[in-house]
Structures are given as structure tokens and as C-alpha cells.
Amino acid sequence: STTMPPQPSAYRSVIRDYLLLQDGGGNISPPTPHGTTTAPFESFVSAIATLYARMVAGDGVLSLLQELKDLGHLHQDCSILIDGPLHSNNISVPSSLSYL
């Protein structure tokens, strides 16, 4: 039987934890003084998780960047990269992974 590559949601938690880890990680301080994150930070984490999942699924980095360029998305917010039902206008909708 063929196994499907993990969905972006499988990577989200570890990417978020890495970015916030101050000792040996991404060393990004929580965006608010109370130690909580903001919606833009969470979108950034989800965008990275989607890109990572697409690369694991076999999409090349250069191909993904070319898609962004070809579709005129280079100057848009990173949330354009997030797969899921609320992001139906993102790159490669027919071949994109989606959250389960």
C-alpha cells in the first residue's frame, strides 16, 4: 500500500516550537509582551509547514518559488501559501496538500 506524505498540520507544532525556542532554536521572541503569539505569526508558521510538507511530497523549492512568481504572488502576505479550505486562492490548488 502507498502511504501519503504527512499533511502540513503534522509539521506545524514542531515548526512553531522551533521558531520560539530561544536556546538553539529559531530564537524568535513571542510577538506579544504576554508571551502569546499573533495571527500573522501563526500564519507564518502555517505557511512554513505547508512549504515543508510540499517539499516532503516531492515539490522542489525552485518550482514552488517559480509558481509564486508566475502567479504574481511574490509581493503578497505569506498566508497565500497556506493550504486549507479558507485559502482556496493559494498556489497550485489542484496539486496542493490540504489539512485533514
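**Exercise 1. Decide whether F41 is buried or exposed, and find where F41 sits.**

Solution. Start with the accessible area: F41 has a relative accessible area of 8%. Buried means under 20% relative accessible area, exposed over 50%, and partly exposed in between, with a 1.4 Å probe and protein chains only. F41 is therefore buried. Helices (H or I, at least four residues) and strands (E, at least two) are DSSP runs, numbered from the N terminus. Finally, look across the chain: F41 and R16 are 25 residues apart in sequence, and their C-alpha atoms are 9.1 Å apart in space.

A note before going on: this is a predicted model, in which local features need pLDDT of at least 70 and side-chain atom pairs count only at pLDDT 80 or more, while totals for chains, interfaces and linings use all residues. Residues are numbered from 1 along each chain as its sequence is written, and side-chain values use heavy atoms, leaving out hydrogens and water.

**Exercise 2. Describe the overall layout of the protein: how many helices and strands does it have?**

Solution. Count the elements: there are three helices and zero strands. Along the sequence this reads as α-α-α. Then turn to burial: 30% of the 100 residues count as buried. For contacts (heavy atoms within 4.5 Å), take those with a separation of 6 or more; residues 24 or more positions apart account for 54% of them.

**Exercise 3. Work out which residues L19 contacts, leaving aside its neighbours within four places in sequence.**

Solution. First locate L19, which lies in helix 1. Its relative accessibility is 9%, so L19 counts as buried. Now list the partners: L19 is in contact with G26, N27, I28, F41, F44, V45 and I48. One of them, F41, is 22 residues away from L19 along the chain, with 10.0 Å between the C-alpha atoms. Another way in is from V45, which touches R12, I15, R16 and L19 when residues up to four places away in sequence are not counted.

**Exercise 4. Find the residues that make up the largest nonpolar core.**

Solution. Begin with the term: a nonpolar core is a set of buried Ala, Val, Leu, Ile, Met, Phe, Trp, Tyr and Cys residues joined through side-chain atoms within 4.5 Å. The largest such core has eight residues: Y11, I15, L19, L20, F41, V45, A49 and A53. Helix 1 (9-20) and helix 2 each supply at least two of its residues. A second, separate core has five residues, among them A47, L68, I80 and L81. As background, nonpolar side chains in soluble globular proteins tend to be buried together.

Look at I80 in turn. I80 is in the segment after helix 3 and is buried, with a relative accessible area of 8%. I80 and S43 are 37 residues apart in sequence, yet 9.2 Å apart from C-alpha to C-alpha.

**Exercise 5. Determine how helix 1 and helix 2 pack: at what angle, and with their axes how far apart?**

Solution. The angle is about 125 degrees, and the axes are 9 Å apart. Axes are lines fitted to C-alpha atoms, for helices over the stretch in contact, and angles run from 0 to 180 degrees between N-to-C directions. Angles under 35 degrees count as roughly parallel, over 145 as roughly antiparallel, 65 to 115 as roughly perpendicular and the rest as oblique. Helix 1 and helix 2 are therefore oblique to each other.

Now try the next pair. Helix 2 and helix 3 pack at about 125 degrees, with axes 10 Å apart. That makes helix 2 oblique to helix 3. Here L51, R54 and M55 of helix 2 meet V61, L64 and E67 of helix 3.

**Exercise 6. Sort out the sides of helix 3: which residues are buried, and which are exposed?**

Solution. In helix 3 (residues 61-70), the buried residues are L64, E67 and L68. They cover an arc of only 100 degrees around the axis, which puts them on the same side of helix 3; the arc is that of the directions from the helix axis to the C-beta atoms. On the other side of helix 3, L62, K69 and D70 are exposed. Helix 2 (39-56) is part of what covers the buried residues. To finish, step just past helix 3, where G72 takes a positive phi of about 75 degrees.
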